[in-house]
Structure formats: C-alpha cells, structure tokens
Amino acid sequence: MPELRLCAHCGYGAFAIALRSWPATPLSDKPLSDKIAVEIRCRMRELVHAWFRATIRSTFVPCAFFTGLFASAHAFAQEYPARNIGGWTVAASKDKEGCFVTRTYEGEGETTLLLGLDVDGGNHLSVLNANWSIKPKDRWKLTFRLSNGGYSNQPVVGMASQGKQGFVTNFEAKFPSYFAASKALHIYRDKVPVEQLSLDGSGTAVAELRRCVEIFSAKTTARAREKGRSGQIPKDPFAPDAEPRSRD
C-alpha cells in the first residue's frame with residue numbers, strides 16, 4: 001500500500017510509521033444502548049461544536065456533530081437497518097444526517113471505538129473506556145498513528161457516557177480512507193500509550209459506512225430539490241470553516 005501522506009500545512013505533523021501489534025480483541029456482539037445515543041447526542045452538540053470552533057484553526061475540516069451515534073437497529077429499519085460487517089456495527093444516526101461504524105474491544109475498561117461520517121463530508125472519531133479519568137470538556141492533544149502515517153498534536157475534547165469516559169475529535173476529509181486502509185490504530189499522550197486497537201475488517205466496514213451515508217445524502221438532496229433550495233448550501237455559510245456540501 002502506498003505511504004499515506006498527510007497535508008503538512010494542516011499542522012498534522014505527518015510522519016511514516018510501522019505498527020506491529022494491537023493487543024485488544026474485538027467484542028462484536030455487545031448490544032448497543034439507546035440511552036447512550038441520547039446522552040452522547042446532547043453532550044456533543046454542546047461540547048464539540050462550541051469547543052472546536054473556538055480552538056481549532058480554520059484549516060481544520062468542519063467539526064461534525066457527534067449526534068445519535070448509538071441509534072437502535074430498528075430506528076431506521078425501513079431505510080438502513082443496523083448490521084454487522086466483519087465484527088463492526090454499521091448504523092444510521094438518529095438525525096439521518098450521517099452514519100457510523102463502531103466496535104467494542106475486550107480488555108480493561110472495554111474500549112469502544114466509533115467513526116462517524118456525515119452527509120456533508122464531515123467525520124468524527126471517538127474512543128471511550130470505563131477506566132479512564134479524562135473528564136468532559138477536558139482538552140488534550142494526542143498522537144494518532146495508523147499503519148502508514150498519522151497525526152501528531154491532534155486536539156481532542158473529553159466526554160463521558162454511561163460509565164465510560166473518553167474523547168472525540170475530527171480529521172480531514174480523507175481520514176476515513178486512511179482508517180479503512182490501516183491494520184491498527186495506536187493513540188499516545190506524549191510517550192504514554194492511550195490505546196492500541198486492531199482495525200481488521202475496517203476496509204469492508206468503511207465501504208458499507210459510505211453506502212449508508214449515500215442513502216441519506218440522496219434523500220437530503222431530494223428533499224432540497226422538493227423545497228426548491230440547493231442541497232449544497234452549508235448549515236452556516238458565515239462560519240469560518242464553511243464549505244459547500246457535496247452534490248453526491
């Protein structure tokens with residue numbers, strides 16, 4: 001696979017790395033909770049939107065709302081029922097503005113990893129663990145390493161949900177592709193390892209994630225046409241990081 005090259009002017013500190021091990025083992029059949037969905041949705045609308053806009057430079061991609069991430073499988077059964085893809089759960093968010101792929105791993109604190117993708121192209125990554133002491137609204141800069149590249153000094157914001165604490169962040173638009181091509185994700189706080197997770201099967205899962213997003217993207221475009229208004233208009237065109245929404 002060609003080396004992943006991250007844009008240097010975005011301040012990500014691109015570097016090539018080799019990852020050899022990922023000790024955590026996935027726990028794919030753990031049930032999801034609607035209560036988590038409601039709590040995360042409320043917390044992240046309040047925390048992520050305000051904090052990222054205030055602290056991250058305008059070169060960052062827009063921060064997607066961390067909304068409706070753990071929706072129940074039956075919520076959108078007629079449009080996109082949640083499904084298991086190689087140990088990953090792919091489902092639609094409650095607001096129908098995107099989809100997410102998630103996996104919970106066995107081990108200390110049962111880490112939950114979640115990648116969300118919105119119809120406007122935004123993405124968000126969260127990692128939660130029952131043993132962590134990070135608090136909501138805490139601000140950290142972490143290093144994220146994939147199989148062939150990574151991001152250093154990546155800003156994250158703390159969050160908590162139903163006994164688990166963790167963080168959420170967002171990346172450039174190409175991140176889901178890098179995630180899909182990687183065999184592992186390693187996260188560090190300076191030299192302290194935060195988490196080391198296998199991404200086996202993420203390629204197929206992300207492909208299904210994109211298919212899910214395309215379903216709701218098409219519906220969003222259709223609704224916009226019915227209203228006689230372009231679907232490319234961003235939610236806030238006066239925001240510093242505003243960009244046209246995709247036609248797809």
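Biologist: Which residue stands opposite Leu197 in strand 11?

Modeller: Leu185 stands opposite Leu197 of strand 11. Please keep in mind that this is a predicted model. Strand 11 covers residues 192-198, and strand 10 pairs with it in the antiparallel sense over six bridges.

Biologist: How should I read the turn between these two strands? Which residue of the hairpin takes a positive phi?

Modeller: The hairpin of strand 10 and strand 11 has two residues between the strands, and Asp190 takes a positive phi near 55°.

Biologist: With which other strand does strand 10 pair, and in what sense?

Modeller: Strand 7, residues 139-146, pairs with strand 10 in the antiparallel sense over three bridges. Within strand 10, His186 is the bridge partner of Arg145. Arg145 also has its charged end over the ring of Tyr188, 4.7 Å from the ring centre. A second case of this kind is Arg83, which lies over the face of Tyr80 at 4.0 Å from the ring centre.

Biologist: Why is strand 10 described as largely enclosed by the rest of the structure?

Modeller: A residue counts as buried when its relative accessible area is under 20%. Strand 10 spans residues 184-189, and five of its six residues are buried, so the strand is largely enclosed by the rest of the structure. For the protein as a whole, buried residues make up 50% of the 248 residues.

Biologist: How many helices and strands does the protein have?

Modeller: The protein has three helices and eleven strands. Read from the N terminus on, its elements run β-α-β-β-β-β-β-β-β-β-α-β-β-α.

Biologist: What is the general idea behind a nonpolar core, and which residues touch the most other members here?

Modeller: In soluble globular proteins, nonpolar side chains tend to be buried together. In this model the largest nonpolar core has 36 residues, and those touching the most other members are Leu113, Leu125, Phe144, Phe167 and Phe179. Helix 3, residues 202-227, gives the most to this core, with six residues. Leaving aside residues up to four places away in sequence, Phe179 touches Trp88, Leu113, Leu115, Leu125, Leu146, Leu199, Ser202 and Val206.

Biologist: How do I read a pair of aromatic rings? Are Phe171 and Phe175 stacked or tilted?

Modeller: One looks at the distance between ring centres and the angle between planes; planes under 30 degrees apart count as stacked, and those over 60 as edge-to-face, with the rest tilted. The whole structure holds eight aromatic pairs. The ring centres of Phe171 and Phe175 are 4.1 Å apart and the planes are at 15°, so this pair is stacked. For Phe175 and Phe179 the centres are 6.0 Å apart and the planes at 50°, so that pair is tilted. Phe175 and Phe179 are four residues apart in helix 2, residues 175-181, and are therefore separated by about one helical turn.

Biologist: Where does Thr111 lie, and is Thr111 buried or exposed?

Modeller: Thr111 lies in the loop between strand 4 (98-106) and strand 5 (112-118). At 3% relative accessibility, Thr111 counts as buried. Beyond residues up to four places away in sequence, its contacts include Arg103, Tyr105, Trp132, Lys164 and Leu197. Leu197 is the residue that stands opposite Leu185.

How values were computed
Residues are numbered from 1 along each chain as its sequence is written. This is a predicted model: local features need pLDDT of at least 70, side-chain atom pairs count only at pLDDT 80 or more; totals for chains, interfaces and linings use all residues. Side-chain values use heavy atoms; hydrogens and water are left out. A nonpolar core is a set of buried Ala, Val, Leu, Ile, Met, Phe, Trp, Tyr and Cys residues joined through side-chain atoms within 4.5 Å. Buried means under 20% relative accessible area, exposed over 50%, partly exposed in between (1.4 Å probe, protein chains only). Contact means heavy atoms within 4.5 Å. Rings of Phe, Tyr and Trp (its six-membered ring) pair if their centres lie within 6.5 Å; planes under 30 degrees apart count as stacked, over 60 as edge-to-face and the rest as tilted. A charge sits over a ring if NZ of Lys or CZ of Arg is within 6 Å of the ring centre and within 35 degrees of the ring normal. Two strands pair if DSSP finds at least two bridges between them.
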